[in-house]
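Please keep the sequence and the structure in view while reading.

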Amino acid sequence: MWLVWVLAVLLLISAGIAYRVPARRLKLLGEEPIELPVPLSSFPMEIGGWVGTDLGIRATTQEYMRERFADDFFSRRYANAAAGARADVYVVYCSSRPGGILGHRPNVCYPAFGWQHESTETSRLVSQGGREIDCLIHRFYKAPPEYDRTVVLSFYVLNGRKTAKESDFSGPFGRRPNIARDPSRYVAQVQISSAQDKSVEMAAEQMADLILDFLPDENSRVKAAEFVGTSGGQTKSAE
């Protein structure tokens, strides 16, 4: 019997040591975001006929993102005066803990701010460059007297691969922390929203390629580094 107790104590000690080492490393991960070669803040303010302005992020949303290891993001409103279109573009990149983005999706976040979920359907976006991207189209509304509606196109980028399925990174492998601090191991989410379907379609078609250029592709290459540089300087426009 005494041998059983000794073994039990040794196992507890070993488990404690095994826990404390990765726990310290996880703490470091939480304190120091993994940086992209070109920060998302360098995403162009002008793209073709679209002109952007930065949008503020609610304090509750910022806290939510910190808790889920968001390493970089941008949130902008783009207007295209010639087309009479307007669309909000939001991109968040999670690499410290890629699976931290789980649950951060439109049909969870929008209802949290008073929107009623109307429908979600699968779709396929074809970018100007010919990329085919599976995505989801979410529709939300607010009832009178505050009546409003919005359409949200969303998809994920998993280690350079586009997907509309959260299940692709919800398993144990996707939840593992990025101990190696490799920026090419990540999950990013892209959301493009507007009150008008046409505005969402136009913005997504014109901006999807450039958004993907700022994220590591399946070969760990960040194309934006070739035309923005790695200094983090703001790029003003892109044709």
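Which residue stands opposite W50 in β2? It is I47 that stands opposite W50. The model is predicted, with a mean pLDDT of 82 for the protein. The points below treat confidence, strands, cores, salt bridges and aromatic rings in turn.

**Confidence in the model**

- Of the residues of the protein, 76% reach a pLDDT of 70 or more.
- The pLDDT is below 50 over residues 2-30, a stretch that has 10 contacts in the model beyond near neighbours in sequence.
- Residues 230-236 also stay under 50 in pLDDT, and the model has 19 contacts for them beyond four places in sequence.
- Where pLDDT is low, the predicted coordinates should not be read in detail.

- Strand β1 covers residues 46-47 and strand β2 covers residues 50-54; the two run antiparallel and are joined by two bridges.
- Together β1 and β2 form a hairpin with two residues between them.
- In the turn of this hairpin, G48 has a positive phi of about 60°.
- Strand β2 also pairs with β3 in the antiparallel sense, over four bridges.

- A70 is found in the loop between α2 (59-67) and β3.
- A70 counts as partly exposed because its relative accessibility is 24%.
- In sequence A70 and S96 are 26 residues apart, while their C-alpha atoms are 7.7 Å apart in space.

**Nonpolar cores**

- In soluble globular proteins, nonpolar side chains tend to be buried together.
- The largest nonpolar core has 40 residues, and those that touch the most other members are F43, W50, V89, F155, I192, M207 and F214.
- A second, separate core has nine residues, among them L102, Y156, L158 and V187.
- Beyond its neighbours within four places in sequence, W50 is in contact with residues including M45, Y78, A87, S199, M202 and M207.

**Salt bridges**

- Side chains of opposite charge can pair when their charged atoms come close.
- The count of salt bridges comes to 12.
- D54 and R76 form one of them, with their closest N and O atoms 2.7 Å apart.
- This pair links distant parts of the chain, since D54 lies in strand β2 and R76 in strand β3, 22 residues apart.
- D54 is exposed because its relative accessible area is 52%, whereas R76 is buried because its relative accessible area is 1%.
- R124 forms a salt bridge with E132 at 3.3 Å, N to O.
- R124 also forms a salt bridge with D134, where the closest N and O atoms are 2.8 Å apart.
- Because R124 lies in strand β5 (residues 116-126) and D134 in strand β6, their pair ties together parts that are 10 residues apart in sequence.
- Salt bridges that share partners join R124, E132 and D134 into one network.
- E132 counts as exposed because its relative accessibility is 51%, and D134 counts as partly exposed because its relative accessibility is 36%.

**Aromatic rings**

- The structure holds seven aromatic pairs.
- F43 and F74 form a stacked pair, with 4.8 Å from centre to centre and 15° between the planes.
- F43 lies in the loop between α1 (2-31) and β1, and F74 lies in strand β3, so that the pair links distant parts of the chain, 31 residues apart.
- Both F43 and F74 are buried.
- The pair of Y156 and F169 is edge-to-face because the planes of the rings stand at 75°, with the centres 5.0 Å apart.
- Y156 lies in strand β7 and F169 in the loop between β8 (161-163) and α4 (172-175), so this pair ties together parts that are 13 residues apart in sequence.
- Both Y156 and F169 are buried.
- One aromatic cluster is formed by F43, F74, F214 and F227.

Conventions
Residues numbered from 1 in each chain as written. Predicted model: local features only at pLDDT ≥ 70, side-chain atom pairs only at ≥ 80, totals over all residues. Heavy atoms only, no water. Core = buried A, V, L, I, M, F, W, Y, C linked by side-chain atoms within 4.5 Å. Buried < 20%, exposed > 50% of the residue type's maximum accessible area, 1.4 Å probe, protein only. Contact = heavy atoms within 4.5 Å. Pairing = 2+ DSSP bridges. pLDDT = per-residue confidence, 0-100. Salt bridge = Lys/Arg side-chain N within 4 Å of Asp/Glu carboxyl O. Phe/Tyr/Trp six-rings, centres within 6.5 Å; stacked < 30°, edge-to-face > 60°.
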